[in-house]
Amino acid sequence: MNAHPTLADFPVRPQLRLGESLAGWCWRIYMANGHDFPQDVRSALKGSKAAQELNADQVLRHVLGANVLETLRTREYRLTERWDQKCVVKWHTWSLAPRLCPVCVGSSGYHCLLWDLPLVTACPLHACLLAEDCHACGLRYTWRTLRSGWRCACDAKVSERPVVRTPHWAIDLARMLAKAADAQVSDAVRDACTRVSSSVTAYQTRDVYAMLWWSLKLRRALTEGRSYLRPASWPIVQRQGARMVPGAWEVSLTAEPPHRTWLTKANWLLQRCFRSQSSVLVDLQDLECYRRIRTLVAELEGQVNPLAVLVREAVQQAFAAHSAGIVHQKQVCFHPRLSQTQRQSHGEELARWWRSFAINVSALDPADGFSCRSNSANQPGYWMDGNPAAATALLNIFFKAAHKKWHPSVLGSVMRRWHLPVELRDPKDVLLEVGQHLSCLHKSEMEFVHALVHHDLAKQAAQRPGAGRCE
């Protein structure tokens, strides 16, 4: 080890460039002085990426000096290791296999630290694919085989490699990382990324990766129907063929290109939860998908990650925007496929149908109201055992009756045997007031009403096959 010259021994000492990687700078030092890149120094740089190994520490301290090494290594650790040390060890693409932008290498002549970050496959400045292997011989680039002038062992120049365009999501990720407050990038790269729209600027590199990991858990919760805890050493393969690292889906959900806002993404997520539903109203408590998402959103509570704050607020805003507004059924929402105009149309249809139906329903004697309704402040607690899910199902039947313009006589048994408060004969807001009443009904009365409704629907279906059947 002591046979290697130190930084002070080299006659040519290339200046460390802004955003240059530790491995790239070491390579330039050796190349500028006509030395091969020693095997143990290369291995030490790999070890330095994985952990602060004693042997790697000794080699690099000898070459660079303790103060220089500590400064550069701390700079690199700050970007990822503070995010999650257990994940970075396996996830980080070590600088043993550098990724290079042919245009940047040809013009600037140094290796950017950003190119070494996890999942980065595009140059944020030139929007091209980072090269990992030689275009002439096909061999993979390594710091050991790269020759002076950024040439492969076969003497082909990296700068002569044809520029390959990369998917937009890869460019979005590279530019989002380049815009981080702690990003180690040149002024030219930062200026190029300022053209990318963003509603938040004070995030760190580790914040981006934290949201990518959260998005990966979200995708797996949606596609695999289960929730995952953070593994101790990630990525790991839970099952054969499973994709365990973030990709296009996660990046598109985390990044913010101009044509998609956070709220748009949250609305898409809401529609994903409701895709198996076809009714006007949906009770979120009945959706396993929603319960998994709610658990994941709860993980974002109290975080200082500004990206997490945006995602949490957007999801909450999306759910609130579709809420039916029923006091005791805050978990009941309109189906997100319905626009505001469609929701208003459904509400008007329900109001017209309800008034023609309710006028034929027997009025509830106020003296008997105590035994049938459970929304009185003076009522014993054991009466508060309503069935919100059944109330939502009944409201959907009323919506269907209104939309299909059923004659009130279709629910003849309900009209004859059910009783309603006088104020529900002509309510100001049918959905809210009727929904409030239904959600407060005693469970036994709700079961009785459901039995009457289904009796009438079965009778109607028997008379006219295919008509009046409740989905």
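1. W354 is buried, and F357 is buried too (buried means under 20% relative accessible area, exposed over 50%, and partly exposed in between, with a 1.4 Å probe and protein chains only). Both residues lie in helix α14, three residues apart, about one turn of the helix. Helices here are DSSP runs of H or I with at least four residues, strands are runs of E with at least two, and both are numbered from the N terminus. The ring centres of W354 and F357 are 5.6 Å apart and their planes stand at 55°, so the pair is tilted. Rings of Phe, Tyr and Trp (its six-membered ring) count as a pair if their centres lie within 6.5 Å; planes under 30 degrees apart are stacked, over 60 edge-to-face, and the rest tilted. W354 and F357 also belong to an aromatic cluster with W353 and F398.

2. On the basis of the note: this is a predicted model, in which local features need pLDDT of at least 70 and side-chain atom pairs count only at pLDDT 80 or more, while totals for chains, interfaces and linings use all residues. Residues are numbered from 1 along each chain as its sequence is written, and side-chain values use heavy atoms, with hydrogens and water left out.

3. The mean pLDDT of the protein is 80, and 80% of its residues reach 70 or more; pLDDT is the predictor's confidence in each residue, from 0 to 100. Helix α14 (residues 340-358), which holds the W354 and F357 pair, has the highest confidence at 95, whereas helix α15 (residues 369-372) has the lowest, at a mean of 44.

4. Two stretches call for caution. Over residues 370-384 pLDDT stays under 50, and the model has 21 contacts beyond four places in sequence for them (contact means heavy atoms within 4.5 Å). Residues 466-471 also stay under 50, with 13 such contacts. Where pLDDT is low, the predicted coordinates should not be read in detail.

5. As to the overall make-up, the protein has 19 helices and four strands. Of its 471 residues, 52% count as buried. Among contacts between residues at least 6 apart in sequence, 68% join residues at least 24 apart.

6. The whole structure contains 11 aromatic pairs. One of them joins W143 and W150, edge-to-face, at 6.2 Å centre to centre and 65° between the planes. Both W143 and W150 are buried.

7. The structure has 11 salt bridges, each being a side-chain nitrogen of Lys or Arg within 4 Å of a carboxyl oxygen of Asp or Glu. K217 and E299 form one of these, with their closest N and O atoms 2.7 Å apart. This pair links distant parts of the chain, as K217 is in helix α9 (residues 205-224) and E299 in helix α12 (residues 288-299), 82 residues apart. K217 is buried because its relative accessible area is 7%; E299, at 34%, is partly exposed.

8. E288 is partly exposed, with a relative accessible area of 41%, and R291 is partly exposed at 28%.

9. E132 and R140 meet in a salt bridge at 3.4 Å, N to O. E132 has 28% relative accessibility and so counts as partly exposed; R140, at 46%, is also partly exposed. R147, R151 and D155 are linked in a network of salt bridges.

10. Helix α19 (residues 443-463) has 21 residues and reaches 30 Å from its first C-alpha to its last, close to the 30 Å expected at 1.5 Å a residue; the expected span is 1.5 Å times one less than the number of residues. Its buried residues are E445, M446, V449, H450, L452, V453, D456, L457, Q460 and A461. These cover an arc of only 165° around the axis, so they lie on the same side of α19; the arc is that of the directions from the helix axis to the C-beta atoms. The face turned away from this buried side carries the exposed residues E447 and A462.

11. Q184 sits in the loop between α7 (168-178) and α8 (187-193). With a relative accessible area of 19%, Q184 is buried. Leaving aside neighbours within four places in sequence, Q184 is in contact with G19, R75, R78, L79 and L113.
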